[in-house]
Amino acid sequence: MNDGERYEAGMTVRRQVLGDAHVDRAIAGTDDFTADFQDFITRYAWGDVWSRPGLDRRARSCVTLAVLAALGHEGELALHVRAAVRNGLTPAEVAEVLLQVGVYAGVPAANRAFAVAREALGREAG
């Protein structure tokens, strides 16, 4: 597959996982400074990695949630919580992933991730 085909394949997967509204905002915000980065993530993250057959999108979402939570990348975590639901995870399954984070990456990381996920899922604190 050439770069143009990888870009198109990546854009299709990116839209399916993140939603048209998010991708449209990202594209609209692209300028000379960020264009190469947008091309890079579309071709490599979405066109190469997310398009591989080795894991389904649910599994990729679980891995992504765990890594983002463990590393404290809250903005990306909120985006990928919504993407995980789009990929078929239930809120209960998102919570299970975050419990796993608590054991292996620490309670503070999981605690903050639960707060981010709750907000992303539109749930009230309670």
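Gly-19 is found in the loop between α1 and α2 (20–28). The structure is a predicted model, in which local features need pLDDT of at least 70 and side-chain atom pairs count only at pLDDT 80 or more, while totals for chains, interfaces and linings use all residues. Residues are numbered from 1 along each chain as its sequence is written, and side-chain values use heavy atoms, with hydrogens and water left out. The protein chain has seven helices and zero strands (helices are DSSP runs of H or I with at least four residues, strands are runs of E with at least two, and both are numbered from the N terminus).

**The chain as a whole**

- Read from the N terminus, the elements of the protein chain follow the order α-α-α-α-α-α-α.
- The radius of gyration of the protein chain, taken over C-alpha atoms, is 15 Å, which agrees with the value near 14 Å that a compact globule of 126 residues would have. The globule rule is 2.2 Å times the number of residues to the power 0.38.
- Along the principal axes, the C-alpha atoms of the protein chain fill a box of roughly 45 × 30 × 20 Å.
- Of the 126 residues in the protein chain, 35% are buried (buried means under 20% relative accessible area, exposed over 50%, and partly exposed in between, with a 1.4 Å probe and protein chains only).
- The accessible surface of the protein chain comes to about 7,500 Å², and carbon and sulfur atoms hold 56% of that surface (areas come from the Shrake-Rupley method with a 1.4 Å probe, and for residues only the protein chains shown count as cover).
- Among the contacts of the protein chain with a separation of 6 or more, 63% join residues 24 or more positions apart (contact means heavy atoms within 4.5 Å).

**Helix α1 against helix α3**

- Helix α1 (residues 3–18) and helix α3 (residues 35–49) have axes that come within 7 Å and cross at roughly 75 degrees (axes are lines fitted to C-alpha atoms, for helices over the stretch in contact, and angles run from 0 to 180 degrees between N-to-C directions).
- On the side of α1, the residues making the contact include Asp-3, Arg-6, Tyr-7 and Val-17. On the side of α3, they include Gln-38, Ile-41, Arg-43 and Trp-46.
- By class, the contact of α1 with α3 comprises nine nonpolar, four polar and six charged residues (Ala, Val, Leu, Ile, Met, Phe, Trp, Tyr, Cys and Pro count as nonpolar, Asp, Glu, Lys and Arg as charged, and the others, Gly among them, as polar).
- Glu-5 also has its place in helix α1, and at 43% relative accessibility Glu-5 counts as partly exposed.
- The C-alpha atoms of Glu-5 and Arg-43 are separated by 8.7 Å, although these residues are 38 residues apart along the chain.

**Helix α1 against helix α5**

- The axes of α1 and α5 are 7 Å apart, and the two helices pack at an angle of about 90 degrees. They are therefore roughly perpendicular to each other.
- Gln-16, Val-17 and Leu-18 of α1 make this contact with Leu-79, His-80, Ala-83 and Arg-86 of α5.
- The residues of the contact of α1 with α5 are four nonpolar, two polar and one charged.
- His-80 is located in helix α5 (residues 74–86) and counts as buried at 8% relative accessibility.
- Not counting residues up to four places away in sequence, His-80 touches Leu-18, Trp-46, Trp-50, Thr-64, Leu-65 and Leu-68.

**Three further buried residues**

- Gly-19 counts as buried at 11% relative accessibility. Apart from its neighbours within four places in sequence, Gly-19 is in contact with Arg-14 and Arg-86.
- Leu-68 lies in helix α4 (residues 57–71) and is buried, at 12% relative accessibility.
- With neighbours within four places in sequence left aside, Leu-68 is in contact with His-73, Glu-76, Leu-77 and His-80. Leu-68 and Ala-109 are 41 residues apart in sequence and 9.6 Å apart in space, C-alpha to C-alpha.
- Val-97 belongs to helix α6 (residues 91–105), and its relative accessibility of 11% makes it buried.
- Beyond its neighbours within four places in sequence, Val-97 is in contact with Cys-62, Leu-65 and Ala-66. Val-97 and Arg-14, 83 residues apart in sequence, are 22 Å apart in space, C-alpha to C-alpha.

Key: Parallel < 35°, antiparallel > 145°, perpendicular 65-115°, else oblique.
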